[in-house]
Amino acid sequence: MKNIVIFGAPGAGKGTQSDFIVERFGLTHISTGDLLRKEIADQTELGKRIKSIMDAGHLVSDDIVVEMIDKAIADDTKGILFDGFPRNVAQAETLDRLLAKHGRSITCMVQLDVPREELIRRILERAKVSGRSDDNEETVKGRLLEYENKTLPVSEYYAKQGKRLLINGLGDIKAISADIIAQIEKM
Ligand code: AMP
């Protein structure tokens, strides 16, 4: 059983690489960004509350995402890929506690490293097709700041536990996937 966190800045390729990992190891994919965007699309009460926060590129509150993750962790799965969660150290600690309730733990964290200029270039390119209201030049800078200030410390959290796999996220998509799969299999 593998429980994996895919980690990286906005535009690092988490969504793309998630598809390969999920397929290879038969995992359940949990993306907090997708779950939150669904709330907005369905115009739920929660969706109405979080839309302006997401559009501004800020993180939504821990309570909201933790409740979503708690509901999404099922027992009848070969393992879970967490995408977009944890986004700060408190969320990482909570995730460990939630998994422990199910007799599970994180196997490893896959960190995709991509230089800042390339992240901005990719997000603006994605904006042409994604339809995401937070994929624009103004919001991107805020999202990168949130990442650098709040999310990056999560990298050390997993490094200290010997669970961090550092991946060069620049280059051919298939070559990056092959690198990720090989490193996970070595764990
Ligand atoms: P993503 O699709 O992962 O890039 O997430 C899009 C947006 O959803 C982020 O900019 C945040 O506003 C919100 N979001 C997603 N995951 C989390 C999380 N774990 N904690 C707080 N906010 C989140």
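This is a predicted model: local features need pLDDT of at least 70, side-chain atom pairs count only at pLDDT 80 or more; totals for chains, interfaces and linings use all residues.
Local features are reported at pLDDT of at least 70 and side-chain atom pairs only at pLDDT 80 or more, while totals for chains, interfaces and linings use all residues. Residues are numbered from 1 along each chain as its sequence is written, and side-chain values use heavy atoms, leaving out hydrogens and water.

**Helix 2 and helix 3**
- The axes of helix 2 (residues 32–41) and helix 3 (residues 45–55) come within 8 Å and cross at roughly 120°, where helices are DSSP runs of H or I with at least four residues, numbered from the N terminus.
- The two helices are therefore oblique to each other, a term for angles that are not under 35 degrees (roughly parallel), over 145 (roughly antiparallel) or 65 to 115 (roughly perpendicular).
- Helix 2 contributes G33, L36, R37, E39 and I40 to the contact, and helix 3 contributes L46, G47, I50, K51 and M54, with contact meaning heavy atoms within 4.5 Å.
- These contact residues divide into 5 nonpolar, 2 polar and 3 charged, Gly being counted as polar.

**Backbone features in loops**
- Most residues other than glycine have a negative phi, and most peptide bonds are trans.
- Q43, in the loop between helix 2 and helix 3, has a positive phi near 55° although Q43 is not a glycine.
- At 59% relative accessibility, Q43 counts as exposed (over 50% relative accessible area, with a 1.4 Å probe and protein chains only).
- F85 and P86 are joined by a cis peptide bond with omega about 0°, and P86 lies in the loop between strand 3 (79–83) and helix 5 (89–101), a strand being a DSSP run of E with at least two residues.

Methods: Axes are lines fitted to C-alpha atoms, for helices over the stretch in contact, and angles run from 0 to 180 degrees between N-to-C directions. Buried means under 20% relative accessible area, exposed over 50%, partly exposed in between (1.4 Å probe, protein chains only).
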